[in-house]
Amino acid sequence: MHCVRKVTDDLYWVGANDRRLALFENIHPIPRGVSYNSYLLLDEKTVLFDTVDWSVCRQFLENIKFVLNGRQLDYLVVNHLEPDHAAAMEEVMLRYPDVKIISNEKAFMFMRQFGYDIEGRIEEVKEGDVRSFGKHKVTFIAAPMVHWPEAMVTFDTTNGVLFSADAFGSFGALDGKLFNDEVNFDRDWIDDARRYYTNIVGKYGPHVQALLKKASGADIKIICPLHGPVWRNNLGYFLDKYDKWSRYEPEEKGVMVVYASMYGNTESAANAVAAKLVEKGITNVSMYDVSKTHVSYLISETFRLSHVVLACVTYNLGIYPPMHNYLMDMKALNLQKRTFAIVENGSWACKSGTLMREFLEKQLKQTTVLDEKLTINSAMNEDNLPDMDALADSIIESMK
Ligand code: FEO
């Protein structure tokens, strides 16, 4: 059965949802699933904007057929070639053999690399080019590294619709509700949107800034991303989030306490630090067991909050491996502009604090590591309380 939604009078969402996939990109857990959005414009010409992942191809083809209602498909605009959006284009070309593919030079290079049979049906465009499909005129804006180098966005100057590719997307399947004003985004979606952005596009903040700057001149009325809800009002809310995330500015002053504990003693110290912070008036505190929390959630929270307490046991004279993995992911995703406090534990050769400090100071940009630290030998005791107090005071001072 087809399942489509009308976006405007002549534009339809023809995408589909995947609630079976456990790991997006085979890395990131998506317990709420994911949507692969595609849009079909019925003008004098018919135009499909991007396709979908192979897993939902059958539903997608049924949707296209229903909306076309006997018409042929004239154009396919490919804004982003990653297979979660482009895998189904091969099947579209088979079903609609006269379709012309509109995209850019790099995307065509990737299509050939992936083995797609595109020869004789491509129309190459560059930034600023204009195409008319009848009533609708569109222009193309290059969006390199948001999130692959070939990425572009397409702006319909007739109705103000921006086909934004991966930008402004989110994890989470659509439960019938397509538009941002049909959901409580700030309550039910923002965490998945942040986790999607920070883990998928987080590394490319300067490129996102460049795109935001280029798009700021356009009179955007509707944003149609390739994942998650379509935005048709309150665009400033999401643009502001993107601006903060891509400048690596925290959304909130607050502390996340991330602990790596083998037998509970480092966890106990982390609990004591969190309680001390709250007692001293900092209530925006959240705690995470690094061994139990997928790193994509940790990264997302680290983008949200201003301060991070890293509490880590020493393991084989090094940083406990899951904590090390978290640090490496921060580096890979270009995280910066955060303040860190260190709690270290070791029964005979306590090294984790020194190693974490060295990593943070050398590998992350514009990062502060507070001088005060808490060192525990095996288990925290009364003798550690002054250091813990000083650590908490130092965090609070740095939040002012
Ligand atoms: Fe949703 Fe970069 O693909």
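A disulfide is counted here when two cysteine sulfur atoms lie within 2.5 Å of each other. In general terms, a disulfide is a covalent bond between the sulfur atoms of two cysteines. With that cut-off, a search of the whole structure turns up zero disulfides. The sulfur of Cys312 has its closest cysteine sulfur in Cys350, at 9.2 Å, which is too far for a bond. For Cys224, the closest cysteine sulfur belongs to Cys3 and is 16 Å away, again too far for a bond. Burial is judged by relative accessible area, using a 1.4 Å probe and protein chains only: under 20% is buried, over 50% is exposed, and values in between are partly exposed. Cys312 is buried, at 0%, and Cys224 is buried as well, at 1%.

The structure is a predicted model, in which local features need pLDDT of at least 70 and side-chain atom pairs count only at pLDDT 80 or more, while totals for chains, interfaces and linings use all residues. Residues are numbered from 1 along each chain as its sequence is written, and side-chain values use heavy atoms, with hydrogens and water left out.

Turning to the overall picture, the protein chain contains 12 helices and 22 strands. These elements are DSSP runs numbered from the N terminus, with helices (H or I) of at least four residues and strands (E) of at least two. Along the principal axes, the C-alpha atoms of the protein chain fill a box of roughly 80 × 35 × 35 Å. Of the 400 residues in the protein chain, 57% are buried.

Two helix pairs show how elements can be arranged. Helix axes are lines fitted to C-alpha atoms over the stretch in contact, and angles run from 0 to 180 degrees between N-to-C directions. Angles under 35 degrees count as roughly parallel, over 145 as roughly antiparallel, 65 to 115 as roughly perpendicular and the rest as oblique. The axes of helix H5 (residues 185-201) and helix H9 (residues 295-304) come within 8 Å and cross at roughly 100°, so H5 and H9 are roughly perpendicular to each other. On the H5 side, the contact is made by Asp191, Arg194, Arg195, Thr198 and Asn199, while H9 contributes Ser296, Tyr297, Ile299, Ser300, Glu301, Phe303 and Arg304. Sorted by class, this contact has three nonpolar, four polar and five charged residues. The classes are nonpolar (Ala, Val, Leu, Ile, Met, Phe, Trp, Tyr, Cys and Pro), charged (Asp, Glu, Lys and Arg) and polar (the others, Gly among them).

Helix H10 (residues 321-332) and helix H11 (residues 352-363) have axes that come within 10 Å and cross at roughly 10°. H10 and H11 are therefore roughly parallel to each other. Here Met323, Leu327, Met328 and Lys331 of H10 meet Met356, Phe359, Leu360 and Gln363 of H11. The classes in this contact are six nonpolar, one polar and one charged.

Salt bridges, in which a side-chain nitrogen of Lys or Arg lies within 4 Å of a carboxyl oxygen of Asp or Glu, number 28 in the structure. One of them pairs Glu251 with Arg194, at 2.6 Å from N to O. It links distant parts of the chain, with Glu251 in the loop between H7 and strand S17 (252-260) and Arg194 in helix H5, 57 residues apart. Glu251 is buried at 16%, and Arg194 is buried at 3%.

Asp181 forms a salt bridge with Arg232, with the closest N and O atoms 2.8 Å apart. Asp181 lies in the loop between strand S15 (161-165) and H5, and Arg232 in the loop between strand S16 (222-225) and helix H7 (235-247), so the pair ties together parts 51 residues apart in sequence. Asp181 is partly exposed at 36%, and Arg232 is partly exposed at 36%.

Finally, some backbone details deserve a look. The peptide bond from Val146 to His147 is cis, with omega near 20°, and His147 is found in the loop between strand S13 (137-142) and strand S14 (152-156). Phe168, in the loop between S15 and H5, has a positive phi near 65° although it is not a glycine. Phe168 is buried, at 6%.

Terms used
Contact means heavy atoms within 4.5 Å.
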